[in-house]
Amino acid sequence: MAASASSTKVSTNSTASDFCRWHAVASWTWDAQDETCGICRMAFDGCCPDCKLPGDDCPLIWGSCNHAFHLHCILKWVNSQTPQAHCPMCRREWQFKG
Amino acid sequence: MEESSSSMCNFSVLESMNEKSIGEMEDSWNAFCLATEALHGADGDLSFASDFVAHVRVLCSLGLESLIVEHFLCSMEETFEKNGASKFWKHFDAYTNPAVLEMDDADQQQELQDVLHRALEELSSDKQYQEKCLLMLVHALDMCRQIKSKEQTYSDAERNHLFSKYQLTVFSVLMASLPRHFPDVLQWYFKGRLEELSAMMATNCENENGLQENDGMDLDYKGREMDIDETHHQIANLGNNKLIRNIGVVVRDLRNLGFTSMAEDAYASAIFLLLKAKVHELAGDEFRFSVLESIKGWIQAVPLQFLHALLAYLGDSKSNESPASGQKSPLASHPSSRYYRTGTPPEGLVRWQLRLEYFAYETLQDLRIAKLFEIIVDYPDSSPAIEDLKQCLEYTGQHTKLVDSFIAALKYRLLTAGASTTDILHQYVSTIKALRTIDPAGVFLEAVGEPIREYLRGRKDTIKCIVTMLTDGAGGNPSGPGNTGDSLLEELNRDEENQENSSLDDDVNTDDKQTWINAQNWEPDPVEADPLKGGRHRRKVDILAMIVGIIGSKDQLVNEYRVMLAEKLLNKSDYDIDSEIRTLELLKIHFGESSMQKCEIMLNDLIDSKRTNTNIKATIKQQSQPVPDIGDEGLSLEDLNATIISSNFWPPIQDEPLNIPGAVDQLLSDYANKFNEIKTPRKLLWKKNLGTVKLELQFEDRTLQFSVTPLHASIISQFQDQTSWTSKDLAAAVGVPVDILNRRIYFWINKGILAESVQDSGDHKFTLVDVLVEDGRTGVNNGGCEELLARDEDGESSVASVEDQLRKEMTVYESTKIVMKKQILQKFITGMLTNFGSMALDRIHNTLKMFCIGDPPYDKSLQQLQSFLGGLVAEERLELRDGMYFLKK
């Protein structure tokens with residue numbers, strides 16, 4: 001509607017179609033290499049067992065080894081591993097990726 | 001016979017007789033016979049009496065006493081038969097034809113009344129005269145005896161015996177010659193009188209209503225005794241009533257003639273007929289008012305008054321008449337009715353009242369049961385009728401009748417192919433509500449509901465309709481009772497709150513005393529109760545549970561709701577989900593949070609989408625990008641909104657590839673990039689075939705607005721550059737298979753925007769219609785605006801329906817069974833469940849994934865596992881409760 005004036009330039013004939021409003025549908029996904037969290041085995045696009053809502057409420061976190069986990073899962077893991085936590089996947093020292 | 005009996009009895013007398021005395025005896029016998037005849041034929045004239053007495057004395061002295069009596073009775077019977085009875089019946093010859101009786105003619109009525117009165121009077125006087133004669137005979141005999149021996153008198157017992165013998169004779173003569181139509185005549189007579197009386201009472205009542213209004217309340221509380229007192233009150237004017245007296249006379253006469261039971265039958269059936277008519281008149285097809293009280297009132301006012309007056313009259317008259325003989329029916333007025341003035345209502349009257357009320361209850365109950373289907377159809381309005389029915393049933397206890405008749409009505413009227421599922425469900429709910437009133441334990445509801453449930457299970461759209469009804473107010477049934485906009489769920493919730501409040505009270509009061517009271521109030525279940533269904537306290541009627549019971553499990557219901565919710569949400573072009581949130585909250589109350597988790601996430605996605613959408617728009621504004629650069633086709637990021645879903649929690653969504661117009665495609669990827677910027681490291685995957693597009697078509701002479709699917713929008717946008725396409729080319733351009741294109745393009749053809757032509761090659765060709773052809777299909781002129789959601793038309797759904805999913809699941813289950821060697825997997829699962837007791841689906845899945853790596857490896861998705869477990873549950877090896885799997889014991 002906003003650019004109905006410009007539409008005349010496109011149409012070779014007398015007809016023009018204007019998209020006034022386009023409501024699209026998309027799904028989001030975590031841009032991670034793996035599908036599921038190595039700790040809880042739940043899908044990244046889902047959420048960890050303790051959470052109810054996926055997405056912002058249950059984010060992913062990458063370690064310096066580039067392995068991703070649910071934030072809540074890896075925190076639990078890190079807190080239970082003293083003094084030094086290792087990545088559950090590759091056993092390297094766990095460090096959060098900056 | 002006379003000879004023989006006399007020789008038998010008077011053998012000793014005969015011995016001492018000589019010729020002379022025999023002659024003497026013969027003479028006096030003949031004279032006696034003549035006198036008797038004369039006496040009987042005299043018609044009330046007692047001039048022959050002295051003669052007669054003299055003869056009797058002579059014969060008595062000869063010892064022929066029994067012979068005299070015998071003869072006298074015989075001759076009396078003969079006379080009565082000849083004169084009294086035949087004359088009496090002749091009065092009614094005119095009414096032999098029942099058709100005459102049916103005529104409701106006032107004159108006729110009056111005539112009959114007169115005839116009856118006259119006939120009865122005549123007959124009674126005949127009888128009285130004969131009784132007098134009999135008395136005379138008794139006197140004569142008495143005197144004879146006194147002369148003979150001083151001590152021996154004619155005893156009372158003998159005298160009574162004689163009179164009852166006479167009564168019996170009269171009765172048997174009348175009965176023997178009873179014309180068949182006489183009971184009808186009587187009934188007709190009483191009916192006429194009662195109607196007259198009823199009309200009279202009605203006017204009386206109207207007059208007195210004003211006076212009684214004040215103490216009306218008292219009457220209700222003090223119950224029957226008070227009612228009777230009131231009756232006494234009115235008896236004064238009723239007792240003196242001529243009408244009642246006339247009826248009383250008739251009844252008394254009939255009674256004296258031995259027609260006690262016949263008269264009673266007649267007026268009883270007349271009363272019942274009248275009562276029935278009254279009930280029908282009051283109740284009829286009107287369900288919005290309670291009629292029970294007014295019927296009871298009427299019983300008090302008319303038939304009971306009548307009976308009271310009648311019994312009082314008969315009672316009074318009886319005290320100075322000889323008691324009526326003949327067998328008494330159990331309901332015959334008791335002599336005690338004479339004592340009604342002492343305060344206690346006469347027993348007969350109470351019995352009558354009970355009998356009449358029972359009859360009224362039964363009549364009303366039958367009437368209501370026959371109409372129960374209609375009553376339930378307009379249930380909330382018809383609750384007074386239900387209340388009436390409840391009271392009636394409490395009284396009569398004929399619940400089975402209700403169940404049988406209602407089931408028959410349901411089968412005949414509701415459970416047919418013609419009835420829509422929504423209607424059936426509405427009726428089901430109304431039935432539950434209505435019957436809950438009648439029968440709080442739900443025993444009969446169980447029986448009635450079963451056929452409906454059975455039938456609904458056979459319908460494919462049941463679940464869908466249930467969900468719609470639960471969540472969408474009146475559930476697409478505009479003709480239904482008008483609580484529009486109020487979903488069943490809301491209503492259930494209100495009920496629930498009420499129930500909770502009351503149950504809270506129960507808890508508070510649960511001390512020993514309360515427990516004792518509760519225990520005392522315990523009542524056994526009705527006999528019809530199914531002992532397998534648990535105790536009554538557990539069988540509290542829960543509408544939702546009963547509805548879920550149709551489907552079998554709440555999981556199916558929740559699943560269906562999720563699919564419908566997804567459909568609804570995906571078609572939203574704004575983010576307004578308030579009503580959905582409300583519904584979800586209600587569903588959570590009933591089904592538990594855990595089962596509604598996914599739906600909650602779906603709604604949350606919408607809320608998040610709105611926020612993200614605003615966020616993205618805000619960043620664009622901040623960067624203040626030159627809008628026109630992108631808006632090649634009049635569309636900027638401003639006009640693009642997106643619903644971003646967490647696909648894991650949505651039902652499977654049909655993802656079809658689609659080429660959308662390049663500019664829009666560009667916009668979408670811009671949008672996705674912005675999203676990625678804001679929400680790193682998350683990214684968007686567009687589902688290009690979903691969504692809603694509002695577009696405007698501009699022609700030379702008109703502008704049309706549409707709201708369509710992206711596919712439709714892509715199709716029509718192709719015609720912007722090129723006005724004519726073959727279907728094959730167009731399909732390639734849009735990126736969909738030809739058959740789908742052909743199906744979808746009909747939308748535009750139907751709208752008159754495109755025209756279709758078939759080419760020689762068999763390919764379809766579509767051309768843009770420049771000039772509006774007035775065919776009435778569009779019905780829109782210049783600048784007109786047409787808002788239509790194209791999706792509705794072709795019934796395409798973006799979400800795989802539950803049926804599809806089920807089908808898929810079943811095939812998955814089947815194939816899983818084969819490939820995975822079911823026993824092995826099952827063994828694993830059984831073993832796990834034995835160890836852990838119960839496990840959730842996810843846990844089983846993950847455990848299998850971790851440990852089941854041998855041969856065959858576990859490589860199934862969560863959904864596949866779920867359907868496999870579902871199969872095991874169906875085979876009753878496992879049990880699923882609240883999302884946890886158990887071993888079935």
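Me: Before we start, how are residues, chains and ligands labelled here?
Reply: Residues count from 1 along each chain as its sequence is written, while chains get letters from A and ligands get numbers from 1, in the order in which they are written. Since this is a predicted model, local features need pLDDT of at least 70 and side-chain atom pairs count only at pLDDT 80 or more, whereas totals for chains, interfaces and linings use all residues.

Me: What pLDDT does chain B average?
Reply: Chain B averages 72, and 72% of its residues score at least 70. pLDDT is the predictor's confidence in each residue, from 0 to 100.

Me: How many helices and strands does chain B have?
Reply: There are 37 helices and nine strands in chain B. Helices (H or I, at least four residues) and strands (E, at least two) are DSSP runs, numbered from the N terminus.

Me: How much of chain B is buried?
Reply: Of its 889 residues, 33% count as buried. A residue is buried if 20 or more other C-beta atoms lie within 10 Å of its own, exposed if 12 or fewer, and partly exposed in between, with C-beta atoms placed from the backbone. As for contacts in chain B between residues at least 6 apart in sequence, 73% join residues at least 24 apart.

Me: Which residues have the most contacts inside the largest nonpolar core?
Reply: Those are Val56(B), Leu310(B), Leu364(B), Ile466(B) and Tyr671(B), in a core of 186 residues. Helix H12 (residues 260–283) of chain B gives the largest share of this core, 10 residues. A nonpolar core is a set of buried Ala, Val, Leu, Ile, Met, Phe, Trp, Tyr and Cys residues joined through C-beta atoms within 7 Å.

Me: Back to Leu364(B), what does it touch?
Reply: Not counting residues up to four places away in sequence, Leu364(B) touches Val279(B), Ala283(B), Leu292(B), Ile295(B), Asp388(B) and Cys392(B).

Me: Ile466(B) came up too. Which residues of H21(B) and H25(B) make their contact?
Reply: From H21(B) come Ile463(B), Lys464(B), Ile466(B), Val467(B) and Thr471(B), and from H25(B) come Gln556(B), Leu557(B), Glu560(B), Tyr561(B) and Met564(B). H21 covers residues 462–471 and H25 residues 554–570 of chain B, and their axes come within 9 Å and cross at roughly 75 degrees. Axes are lines fitted to C-alpha atoms, for helices over the stretch in contact, and angles run from 0 to 180 degrees between N-to-C directions.

Me: Why is H21(B) called roughly perpendicular to H25(B)?
Reply: Because their axes cross at roughly 75 degrees, and angles of 65 to 115 count as roughly perpendicular, under 35 as roughly parallel, over 145 as roughly antiparallel and the rest as oblique.

Me: Now chain A. Where is Arg41(A)?
Reply: Arg41(A) sits in the loop between strand S1 (16–30) and strand S2 (60–62) of chain A. Its phi is positive, about 60 degrees, although Arg41(A) is not a glycine. Most residues other than glycine have a negative phi.

Me: Last one, what is Lys888(B) in contact with?
Reply: Leaving aside neighbours within four places in sequence, Lys888(B) is in contact with Glu876(B), Arg877(B), Leu878(B) and Glu879(B). Lys888(B) lies in the segment after strand S9 (884–887) of chain B. Lys888(B) and Leu878(B) are 10 residues apart in sequence and 4.8 Å apart in space, C-alpha to C-alpha.

Methods. Two residues are in contact if their C-beta atoms, placed from the backbone, lie within 7 Å.
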